[in-house]
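Please open the model in your viewer and keep the sequence panel at hand.

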Amino acid sequence: MLSARNQFKGTVKTVKLGNVAAEVVVTVGGLEVVSMITRGSAESLALKVGDAVTVVIKSTEVLIDK
């Protein structure tokens, strides 16, 4: 169990592997969440388009604008 409260179920839309990092786009409802993770992590998770995943957001700041 993770201590982060902001956890959202979603579906992998794209995975772009670079030499060191991977950009992963996940669709959560009508939103897209983009995450940069290490290539090694993406490969360890065997991420591919269509996978069901959980997006976990843990941050020291959350900004709100109006």
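**The sheet**

Begin with the hairpin in which 3 residues join β1 to β2. Helices and strands here are DSSP runs, numbered from the N terminus (helices are H or I with at least four residues, strands are E with at least two). Note that this is a predicted model, in which local features need pLDDT of at least 70 and side-chain atom pairs count only at pLDDT 80 or more, while totals for chains, interfaces and linings use all residues. Residues are numbered from 1 along each chain as its sequence is written, and side-chain values use heavy atoms, with hydrogens and water left out.

Select strand β2 (residues 21-28) together with β1; the two run antiparallel and are joined by 6 bridges. Two strands count as paired if DSSP finds at least two bridges between them. Within this pair, select Thr14, whose bridge partner in β2 is Val25.

Next, select strand β1 (residues 6-17) and strand β4 (residues 52-57), which pair in the antiparallel sense over 6 bridges. Two positions may be highlighted here: Gln7 has Val56 in β4 as its bridge partner, and Phe8 stands opposite Val55 in β4.

Now display the whole sheet. In what order do the 4 strands lie? The order is β3-β2-β1-β4, in an open sheet with antiparallel pairing. Because β3 and β4 stand at the edges with a single partner strand each, one side of each has no neighbour in the sheet.

**The salt bridges**

Side chains of opposite charge can pair when their charged atoms come close. The structure holds 4 salt bridges, each defined as a side-chain nitrogen of Lys or Arg within 4 Å of a carboxyl oxygen of Asp or Glu.

Select Glu32 and Lys13, whose side chains meet in a salt bridge at 2.3 Å, N to O. This pair links distant parts of the chain, since Glu32 belongs to strand β3 (residues 31-38) and Lys13 to strand β1, 19 residues apart. Glu32 is partly exposed at a relative accessible area of 46%, and Lys13 is partly exposed at 41%. In these terms, buried means under 20% relative accessible area, exposed means over 50%, and partly exposed lies in between (1.4 Å probe, protein chains only).

Move to helix α1 (residues 39-45) and select Glu43. The side chains of Glu43 and Arg39 form a salt bridge at 2.7 Å, N to O. Both residues lie in helix α1, 4 residues apart, about one turn of the helix. Glu43 is partly exposed at 44% relative accessibility, as is Arg39 at 28%.

Is Asp51 buried or exposed? Asp51 counts as buried at 15% relative accessibility, whereas Lys48 is exposed at 52%.

Finish at Ala46, found in the loop between α1 and β4. Most residues other than glycine have a negative phi. The phi of Ala46, however, is near 55 degrees, a positive value in a residue other than glycine. Ala46 counts as partly exposed, at 48% relative accessibility.
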